[in-house]
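Let us walk through this model, one contact at a time. Keep the structure open as you read.

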Amino acid sequence: MMRSVGTLTRADLAEAINRKLGFSRAESLDLVESVIAQMSDAMARGENVKISGFGSFVLRDKRERIGRNPKTGVEVPITPRRVLTFRASQLLKEEIAKE
């Protein structure tokens, strides 16, 4: 049973590991933190993260472009930047569409 409503948290994941695999709560939380750290480190190095059957976290480098302030209409340069996007797998999309 999830503790929070509408949002899955680290604690919820750790609790699921605790129940299903029998690890202690501390070990379960360490496992969740380790997975998140691995993913974060890979993306910090510029690598994409693909989790088969779930989706891909993809880094995209955006070029500088000219934008416009919607209130004033004044053109402003938007600096180049790296953005993170998530692309859900077909399996995840189908699973979500069922519910």
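Start with Arg82, which is partly exposed at 48% relative accessibility. The scale is simple: buried means under 20% relative accessible area, exposed means over 50%, and partly exposed lies in between (1.4 Å probe, protein chains only). The model is predicted: local features need pLDDT of at least 70, side-chain atom pairs count only at pLDDT 80 or more, and totals for chains, interfaces and linings use all residues. Residues are numbered from 1 along each chain as its sequence is written, and side-chain values use heavy atoms, with hydrogens and water left out.

Arg82 has a partner. Its side chain meets that of Asp61 in a salt bridge, 2.9 Å from N to O. Arg82 belongs to strand S5 (residues 81-88) and Asp61 to strand S2 (residues 55-62), so the pair ties together parts that are 21 residues apart in sequence. Asp61 is exposed, at 57% relative accessibility. A salt bridge here is a side-chain nitrogen of Lys or Arg within 4 Å of a carboxyl oxygen of Asp or Glu. Strands (E, at least two residues) and helices (H or I, at least four) are DSSP runs, numbered from the N terminus.

The structure holds six salt bridges. Another one joins Glu15 and Arg19, at 3.9 Å from N to O. These two residues are four apart in helix H1, so about one helical turn separates them. Glu15 is buried, at 17% relative accessibility. Arg19 is partly exposed, at 48%.

Helix H3 (residues 90-98) has a pair too: Lys98 and Glu95 lie three residues apart there, about one turn of the helix. Their closest N and O atoms are 3.4 Å apart, in a salt bridge. Lys98 is exposed at 66% relative accessibility, while Glu95 is partly exposed at 38%.

The axes of H1 and H2 come within 8 Å and cross at roughly 125°. Axes are lines fitted to C-alpha atoms, for helices over the stretch in contact, and angles run from 0 to 180 degrees between N-to-C directions. That angle makes H1 oblique to H2. Oblique is what remains once angles under 35 degrees (roughly parallel), over 145 (roughly antiparallel) and 65 to 115 (roughly perpendicular) are set aside.

Between helix H1 (10-21) and helix H2 (25-44) runs a loop, and Phe23 is found in it. Phe23 is partly exposed, with a relative accessible area of 35%.
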